[in-house]
Structure formats: structure tokens, C-alpha cells
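The sequence and structure come before the notes.

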Amino acid sequence: MELENKVLSREIQTVLYESGLTIGTAESCTGGKIAEAIIAVPGASEYFKGAIVSYTNEVKERLLNVDHQLLEEKTAVCPEVAEAMVRGAIKALNVDFAISATGIAGPGGGSKEIPVGTIYIGFGSADDVRTIKLSEDDGRDKNLANATCQALQAFLQFVKEKVTLPLHEG
């Protein structure tokens, strides 16, 4: 999966570097793994501005402006929080795009309502944020690796849809 992440990160680099657009991340359960995958490619500083690891609700509220009421009513593990984290990261990091992750990687912390392995990935721009839900529990390490890979894949598909690169004449 690490090799696949590097390939995805290179493709993301091509689109963002060529377009002059920027990205940041807001991560909870992944603890910075998505940011780590993005910066694994040399030259990432041209388009990657930073990451906020918001492991607690307090940090989600204070740095990402996630609504306290939303966290109280729906918990941090829901698509609405993943979306709010994307919007908060875009604003806090002053970027064009952001990727977020919030969930329960395991092995503990799950419940009947929100079992271990439930992870929501958010990605998008200020005017178009999308989410995907992961629900497989393959153990903590694999859950985190899968979430990172799925986040990169989903964002790459999104950004390719949104950004039209100029044709190079050669």
C-alpha cells in the first residue's frame, strides 16, 4: 500500500503543481498519515501547506471550527464532521483543497452504533466537499493504511474532475 500511496501522491503532485493550487489536511484517527503520504514526494512544499492533527474534539472545535453541537449530537465519527474538518482546514491553512479523516481505527473505542473500522474521509474545496465511509475492520494498522490510501484515491479522482490542466506542446 505504501508504493500505491507514492504513486497516488505523485499524481496529486502533478495536478496541483501544474495548476498552482494548494492542499492541506485535517486528520483525527489517521494522525498525520495522509499528510505524510502527500509529502513523501520531493517538491511537495510547492503545493502542500500543512496539516492539523485534531485528535480531540477540543482541537476540532478550536482550530477547525467544527460546531460543538454537531460533535455532541452526532459524535466526531460522522460525515458531517469530516465535511466540517475539510472546510475548517481550507480556512485555517488558506488552501484550495483539503482532505480530512475521522473515525475509529481500533482495536478499542467502537460501539454497536459506530463499530471499529468506521472511518469517514472528507475531501474537496470550499464549495464542494464530499465524503466516503469506510467500514472494514482489518486491525488498526491496516485500517489506517487503508484510510490513507482511500483518501488519496478519492481526492485524486476529485481533483482531476475539478482541475483542467493546460496541454503542453512539445
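Helix α3 crosses helix α5 in a left-handed sense, meaning that the near helix is turned anticlockwise from the far one by less than a right angle. The model is predicted: local features need pLDDT of at least 70 and side-chain atom pairs pLDDT 80 or more, while totals for chains, interfaces and linings use all residues. Residues are numbered from 1 along each chain, and side-chain values use heavy atoms, without hydrogens or water.

**α3 and α5**
- Helix α3 (residues 57-64) packs on α5 (residues 79-93) at about 45°, the axes being 9 Å apart (lines fitted to C-alpha atoms over the stretch in contact, with angles from 0 to 180 degrees between N-to-C directions).
- Lys60, Leu63 and Leu64 of α3 meet Val81, Ala84, Met85, Gly88, Ala89 and Ala92 of α5, contact being heavy atoms within 4.5 Å.
- This contact has 7 nonpolar, 1 polar and 1 charged residues (nonpolar: Ala, Val, Leu, Ile, Met, Phe, Trp, Tyr, Cys and Pro; charged: Asp, Glu, Lys and Arg; polar: the others, Gly among them).

**α1 and α6**
- The axes of α1 and α6 come within 10 Å and cross at roughly 25°, and the pair is therefore roughly parallel.
- The crossing of α1 past α6 is left-handed.
- Residues making the contact include Leu8, Ile12 and Val15 of α1 and Leu152, Phe155 and Val159 of α6.
- By class, the contact of α1 with α6 has 9 nonpolar, 4 polar and 3 charged residues.

Conventions:
Helices (H or I, at least four residues) and strands (E, at least two) are DSSP runs, numbered from the N terminus. Angles under 35 degrees count as roughly parallel, over 145 as roughly antiparallel, 65 to 115 as roughly perpendicular and the rest as oblique.
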